[in-house]
Amino acid sequence: MYSATLHIKLFFATTLLLIATSINAQNFGSVSGTIKSSSGEHLPAVNILLQGNSHGISSNENGNYSLPNIPSGKYMIQASYMGFENYSAEITITANKNTTHNIVLEEKNIKIKDIQVNGKSTTTKINEQAYTVTSVSSKGLLNSTASAKDALKKISGIRISEDGGLGSTMNFSMNGFSGAQVKFFMDGLPIDNSGGAFNIGDLPVNMIERIDVYNGVVPVWLGSDALGGAVNIVTNKQLNYTDISYSFGSFNTHKASINTAHTNTDNGFTVRANAFGNYSDNNYKVYVPIRDGNNQLLYYKDTKRFHDRYRSAGLKLEAGVVKKSYADELLLGLMASANDNEIQHGATMETVYGGIVRNSRSITPSVRYSKQNFILPNLDINLFSSLNIQEQEVIDTLRGVTYNWLGEAFYSNNDDGELSRTNTKLNDILSSTQFNSTYHFNKEQSVAFNYAYSYFNRDSYDSEWPDKIENSMPKSLHKHIGGLSYQFENHKWNATVFGKFYALTANTSKLFDYALSTERTEAITTHSQNFGYGAAAAYFITPTLQAKASYEHTYRLPSADEIFGNGLTVDPNPDLGPEQSNNFNLGLNYHFRINEYHHLNIGGSFIYRQAKDLIYTVVQVANPITYYENLSNTKTTGVEANIKYQWKDIFSLSANLTYQDITDQTKFIFNNSYSGNNYQTNYHYGYRLPNTPYLFGNLNAGLTFKDFAYSSDCLSFNYLISYTKEYYLTWSKNDKYIIPKQMAHNVELSYSLKNGKYNISANCSNIFNSRLYDKFYLQKPGRAFYIKLRYTL
Amino acid sequence: MHLNFKSKLTQLLAIAFMAGIFTSCDDDNDFEINYGSGNYGITMAYAPSDGSYNYTYRTVRYESLMDGTLNNINKGTEQLGYFSYTQINDMIFSPGGLELETLETIEDVSNDELRLRTNSYSFNASIVDFVKAGTNTAVAVEMSSSSTVVRLHLINTNDASVTSTTETNSSLLSPYTGPAYSGMAVSGNYVFLSYYVSNPTSFATDYIDKAEIAVFSYPELEFIKVISDDRTGPIGGFNTLSGLMKDDNGDIYAVSHTNKANGYSQFNENAGILRIKSGESEFDTDYFFDFNADGDGNTTAHLMFLGNNKVLALMNTQNRAEQASWSDAPLKPAILDLSAKTINYINDIPEFSGSGRKLTAIAFQEDNYIYLPVGEDDGIYIYRINSNDYSATKGALLECNFVAGMYKF
């Protein structure tokens, strides 16, 4: 525990240091005003910049702007807006005083007919980075009953497979990489810091501004060891807003969220709060065999799931100051979350449980600091530190009871639990610190240095097996990941080269001489070090056609659960090493307009991956306990394509399609049977991975009517079809083992009043009540209805 | 439309690119299953590359087992998981293991067909063994060292239905935790079930000073008693299911090896074969085939009765003290004579490593020939053993990770 205590101390020391810095202040004033066109119209979203200070802001919907906390002195104020002449003027900021400066913009004297206004939203700018990145704005989803997961599902190349309904285990995969190979971040920080309920299935879409999906090459500044990509969820950063929503629907599902931010423009003090709660009985119908007490099959029936309730709640609070001279952002945060999950079945629906539950609680204090021009001009830094304290419980304590799918219990003299008798408590501490710095040589060139360190410690105890030896052994992990990158950017090029360093130290235990008289468990320490590197470039061939290419040689360090096991069904493997991959991506994106009403965007990318030492679950013969091992090699070649058509603001039609050929490239496999410990021929060499869809896509059509019945109201209608071609359940190419083609239709109708202040939406998913399956033939919910009410301020 | 030539060209290229992507995606045609034909059958197992136990078991018919290279890849019936095989009459019974609790059958094998059927009955635990009892009956057993009960099922072999089931507390078999199944045979009015005590967590075998067999009534399957004999150690071993066999007269033979190579952590008694005479329910005190006194000290965990007192045995040629734990190696086939107590090695077959599975499932007899798969360095070959002159001929190469079943239909 010495090390854990040290980390807690370090965390608080960092916090105090940053607070102390904040007391040292200068003399400040502010400037505010209104921006109008020469015809007297109030202009919203005009970019205003104070030259020599780098402070900037956009005017609000009434054309007002305000720049607080400007060190006193003379500045050039600049304003720019599409279709208007640029504006600049000199102003003087006086200490402790607000200067009023109103601006009138002159319209450009050019016939609009020949102009294509290429105003770029944030998501467009993200999409144009050198990385293969897709950014989705939550804008179109805010009124929907969606979670972050549903927003992600619409992106090409992405599959999210689920064991069941709300709260069920999800497996996110991107071009064949899945699980921990794809890292999740919230505002640039690894999401596993956040505890159980802060995951993509629970996060309400209203908490999110946009989601950036990095396919393959992961930017250095994310400071991580992702293998196949990363997902960064960017939460709403507006200074002042309130968004309250509640949705309810089928399977007794309720989701509520409150998201709010308040900023005092005079002193920069800001408070942000996100709170959510989710509940569902997940009692959707499944078609399953009904067995009697003797396990005799009686008949097949559509019956409701009976032990699958899920509850979760989360609270994220951040308070501090923004836009101060000493800090662009200095925020102290606190996240708390809890969830409680009933387990209905195992990896397949063959086994049904009626008593197994899992739950978790976590609390995470954090501090975040960012500053542009830190000490040196053009040096930007940001620092984040957090301490996640989590308690998890897994309870399987019913003895001699088995359930059938009707929820009927049958009793025997058996002393076992339903799965594996246990009552395990895992107490985890994870402290993470991430430091990013960027130095801009000039407008075009910059270097960035990034360093992330994390420390993990686990104490576990099983009250059903108090003497379990692994639980008395140390379980701690130190990870260091450093990165250095160079970036070049101008109006045509966007390019980066980078190197990464990975180091891992694990203190754990190892079982020696399994099933021999000398069998013993000993504490051991292992180290590993690796270097990764890569490059990415994007080039505008024409102003509307961009090409991208990227390559990365990357590693992923094993996770805590993979090294230490989960205290239940997964044994530790102290020898587990990093998995590695070579990723190559090539992409093209093109958009054009046919007159001012029709806008078309076409994009496509090619993917090639070679991965080895993949971390796999090993199931041993005659042993229900599994562990992780570095095993096979795979190769992925794939293409993705997306197309979007937009007519005015009224109609849109978009489609994407992903084809990924993920094949097994392992020539020899380890023979794990009890009598053999040798390598043997892999007769499935070159075969496509089972349980992994290889052709899938989405089609989305939307209609939006503004000022539908009243002025400033809006009615919109969305229709989504998602398609997955049939794929194999096993390594064979036998028709019997095919997961059939899936086609799901979803429809959504939403109506908002007063510019989106009051909103109501209704959603019907799986309209045709199709029988939908996931990997291993897991059944998904049939037709379901949801209503969502939302209020924003 | 104010588009210049260059942008038209780019649009065209973009559309062509998209079209290429959308049309190149559809491959993989439908697949016709090839079950093969002929009077022989092989179940070959294929390992998954993810290191899991989800092997793919495929059964295909063959005309000949002695020529060329045979593989079952993408052919035949297919089962996924862990399965064992027992052919009785017109059906192959294939209970699932390792969490699979179903009984599958491959049917109509005599009509030049293979039809896989999953029985409607799912058991409380995996069926560990399946033994022929009467003309149309078999006994199936659920038993593991971590369970507190032994369940016996009487199976109708015509339709694979369960006729009756009994449950016996395993404390009646042994006062110690963890009696583990090692073999079963049915003779007259008795079901004999052999076991050894193995610690469910460490697999240590702490009680090895006598042979023990549980006796049940047949066809009632009610527990009667436990018989024991201290001339040798426990009967049978881990997973080989060959502890007991029945000869032409209904006599039961029980083998004790206490091999480290087959799941024992220690040994102290002589290895050998005991007998229970037909109609009796006690060990025959006059009979003991002592592998030390009568043989060369080599032991065996794999036996298959051939007829006329002859038995195919896979002899472990290493001294028990030197055997590698759990290795099921090194093995050499031999023909034992139970009456003359002789051992004749088949010298045409090189030493090999066993797969640790039931010998009667992976080998079969046709007249005086025995077909046996043998793993060599460059693959698994079928050998045809002549039980008269102890010679063997090398046959087909099998492309698979192991053989789970071989049949003569």
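Residues are numbered from 1 along each chain as its sequence is written, and chains are lettered from A and ligands numbered from 1 in the order in which they are written. In this predicted model, local features need pLDDT of at least 70, side-chain atom pairs count only at pLDDT 80 or more, and totals for chains, interfaces and linings use all residues, while side-chain values use heavy atoms, with hydrogens and water left out.

**Exercise 1. Describe the open sheet of chain B that includes E9.**

Step 1. Strands (E, at least two residues) and helices (H or I, at least four) are DSSP runs, numbered from the N terminus. Two strands pair if DSSP finds at least two bridges between them.

Step 2. Read the order. In chain B, 4 strands form an open sheet, E9-E10-E11-E12, with antiparallel pairing.

Step 3. Find the edges. Strand E9 (129–132) and strand E12 (161–169) of chain B each pair on one side only.

Step 4. Take the twist. It averages 20 degrees from one strand to the next. Axes here are lines fitted to C-alpha atoms, for helices over the stretch in contact, and angles run from 0 to 180 degrees between N-to-C directions.

Step 5. Look at one pair. E9(B) and strand E10 (residues 137–142) of chain B run antiparallel, joined by 4 bridges. B:Val131 stands opposite B:Val139 in E10(B).

**Exercise 2. Locate the nonpolar cores and their members.**

Step 1. Define the set. A nonpolar core groups buried Ala, Val, Leu, Ile, Met, Phe, Trp, Tyr and Cys residues joined through side-chain atoms within 4.5 Å. Buried means under 20% relative accessible area, exposed over 50%, partly exposed in between (1.4 Å probe, protein chains only).

Step 2. Take the largest core. It has 48 residues, and B:Ile42, B:Leu65 and B:Leu398 touch the most other members. Strand E27 (residues 379–386) of chain B gives this core its largest share, 5 residues.

Step 3. Take the second core. This separate set of 20 residues includes B:Ala133, B:Leu173, B:Val186 and B:Leu241.

Step 4. In soluble globular proteins, nonpolar side chains tend to be buried together.

**Exercise 3. Classify A:Thr364 and A:Ile643 as buried or partly exposed.**

Step 1. Find its partner. The A:Thr364 side chain makes a polar contact with the side chain of A:Asn388 at 2.8 Å. Such a contact is a pair of N or O atoms within 3.5 Å; within protein, one must be able to donate a hydrogen and the other to accept it, and residues adjacent in sequence count only if both atoms are side-chain atoms.

Step 2. At 30%, A:Ile643 counts as partly exposed.

Step 3. Compare sequence and space. A:Ile643 and A:Leu600 are 43 residues apart in sequence and 7.4 Å apart C-alpha to C-alpha.

**Exercise 4. Sort the salt bridges of chain A by setting.**

Step 1. State the cut-off. A side-chain nitrogen of Lys or Arg must lie within 4 Å of a carboxyl oxygen of Asp or Glu. The whole structure has 33 salt bridges over all chains.

Step 2. Pick the buried pairs. A:Arg210 and A:Asp212 bridge at 3.0 Å, and both are buried. A:Glu562 and A:Arg556 bridge at 3.0 Å; both of these are buried as well.

Step 3. Pick the loop pair. A:Glu464 meets A:Arg421 at 2.6 Å, N to O. A:Glu464 sits in the loop between strand E29 (445–462) and strand E30 (476–489) of chain A, and A:Arg421 in the loop between strand E27 (409–411) and strand E28 (422–440) of chain A, so the pair ties together parts 43 residues apart in sequence. A:Glu464 is partly exposed at 24%, and A:Arg421 is partly exposed at 27%.

Step 4. Salt bridges link A:Arg272, A:Glu318, A:Glu329 and A:Arg368.
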